[in-house]
Amino acid sequence: MFFSKRNLAVILVLISVLAFLLVSQKADLEIISGHTTEAEYKASVYNPTELQNLVKKDKDKYVIIDVRSKLEYDKGHVPGAVHADYYDTDALKKAAGDKTPITYCAFSAMRGPYAAYQLYQAGYENVSLLNGGISAWAEDIQGLNSNDPKVKTVFNHPKNIFPDREKGDYPPNQGETEVSITATKFAFEPSQIVVKHGQKVTLHLTSLDIVHGFALPEFDVEEELLPNESKTVTFIADRRGNFPFVCSVICGHDHSSMVGNLIVK
Amino acid sequence: MKRIYIIFFAIVLTGFIMHQLKGPNFRISSDMAIAQNYIKRGNVPQKDSDFGFTHYTKETEQLLGTTQDIDLSGFRCSDSFVRTDQGAYILENEKIKNGLTRRIKNDDFIEFMRKKEPDLPKGKKILTGKICETENKIKLIFYSIGMYDTKTVDNISIRKVIAYSNNNNAFVQKISENPLNTQQTFEITTSKAHIRCDQPFHISRNNILFILCEESGNWISNYLVYSVDLKDGSLSVLGKCMNSFKDKSQTICD
């Protein structure tokens, strides 16, 4: 008979093993499910030693791009790194050329991931970041190139460095739109937001798990998102285009892949 | 044959339950600047070296000295650290060449701290911490939480911003080295200003911790000596010294 004691015992064992395996995989399933169209974007991350070895092995294939301000770059940067401001897509593309770009900033919290995503959207499929930014390099490798022999610190800058943009002309009476965005490890939902040129945009931002950040530099937005506490930002979509936003607080191993786009049509 | 299946099922079920119940953990690593040697008594000066603030009185010192060395458990501690507004953990005192900061790179530890974030009171985040380890491998994490406006970090160092944070709570979390990594967290004290409890004097073999807490804010620097029973979290204040320096320097100790 199928339901003999022996067979029942075998079934129970198999169910137990399956339950154990499912629980072990639960964390991975939480990460994979619930992603939107940006799920395919995943920046590689190298620690300083890995990066040093990578570039030493194949220096013609890679280019390291320091995406902090020029002031910071001049004070000290990774040897061989070129400079491009994190928000300047044209400068980033020019710096990357036909090589595989690896970006970094101070801690690779906001500017580094933002620049990497910009390059990805510009067609560079394999973008990478230096994990921990220049602070990690300075600690692990220690050798820095500098254009300023009197350099005392590489961190002497105001934190919020946003692109200097003139206010654009926009059509009047385009109304308002409100969007609620949630942040979880490691995705924004929704990650693609489409608004009309000239619309007043209100974003309600909430983290559903840990501390995240939301940075939309082109519209001077940078907010820390504490768990279950909503933040509201408002701005006019005064320019047409595709404007990335990123998580600006280091939130885990896939932090740099937590990205999205505000599309102004 | 039946017995074999039952035993196998019991083993798998036990493993499953333990896996579910096991608390998160991390290993102490060199990037935390942990002291090499275990000591019986922490080096907690009676006065602050920079401003001369009194930490505790001679009477409190004598009280602390009544516990004999033989009754104390050795311990060692990391450097204290702060959590930056970008979510990085940096050491407060240990530096590298050129005075640049050192980070904690231990991803398991950072993830361990991140796991606290969903359960923190609204508006609060992790500010400072220190990790200590006893001779019998119990880990003690001293950490404070509180509020500050992230925008103020634009032009002021994170350390200063934290020193002027508000609505702080100071905790000690004990992690026992057993298969389940059992953990207990005790709140030591709270303050409307910034408070941190991360200077242990000593830990007795019956798990009584004596620790110095520092409260700082506008023109004040107060110090409290607590005893904390690490078995059940019961507390008592052994001494308090209040230093104020608004118009003139003044110290009042209980």
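Is B:Cys132 buried or exposed? B:Cys132 is buried, with a relative accessible area of 1%; buried means under 20%, exposed over 50% and partly exposed in between (1.4 Å probe, protein chains only).

The model is predicted: local features need pLDDT of at least 70, side-chain atom pairs count only at pLDDT 80 or more, and totals for chains, interfaces and linings use all residues. Residues are numbered from 1 along each chain as its sequence is written, chains are lettered from A and ligands numbered from 1 in the order in which they are written, and side-chain values use heavy atoms, without hydrogens and water.

**View 1. The disulfide between B:Cys77 and B:Cys132.** The sulfur atoms are 2.0 Å apart, where a disulfide is a pair of cysteine sulfur atoms within 2.5 Å. B:Cys77 lies in strand 2 (residues 75–77) and B:Cys132 in strand 6 (residues 125–134) of chain B, 55 residues apart. Helices (H or I, at least four residues) and strands (E, at least two) are DSSP runs, numbered from the N terminus. The S-S torsion is about 105 degrees, so the disulfide is right-handed. B:Cys77 is buried at 15%.

**View 2. The disulfide between B:Cys197 and B:Cys213.** B:Cys197 is in strand 10 and B:Cys213 in strand 11 of chain B, so the bond ties together parts that are 16 residues apart in sequence. Relative accessibility is 4% for B:Cys197 and 0% for B:Cys213.

**View 3. The open sheet of chain B.** Its 6 strands run in the order 1-10-11-12-13-14, with antiparallel pairing; two strands pair if DSSP finds at least two bridges between them. Strand 1 (72–73) and strand 14 (250–253) are the edge strands. Strand 13 (residues 235–244) and strand 14 pair over 4 bridges, and B:Met242 has B:Ile252 as its bridge partner.

**View 4. The disulfide between B:Cys241 and B:Cys253.** The bond joins strand 13 to strand 14 of chain B, with the two cysteines 12 residues apart in sequence. B:Cys241 is buried at 1%, whereas B:Cys253 is partly exposed at 30%.

**View 5. Cysteines A:Cys105 and A:Cys251 of chain A.** The sulfur of A:Cys105 is 12 Å from the closest cysteine sulfur, in A:Cys247, too far for a bond. A:Cys251 is in no disulfide, and the nearest cysteine sulfur, that of A:Cys247, is 3.7 Å away. A:Cys105 is buried at 3%, and A:Cys251 is buried at 0%.
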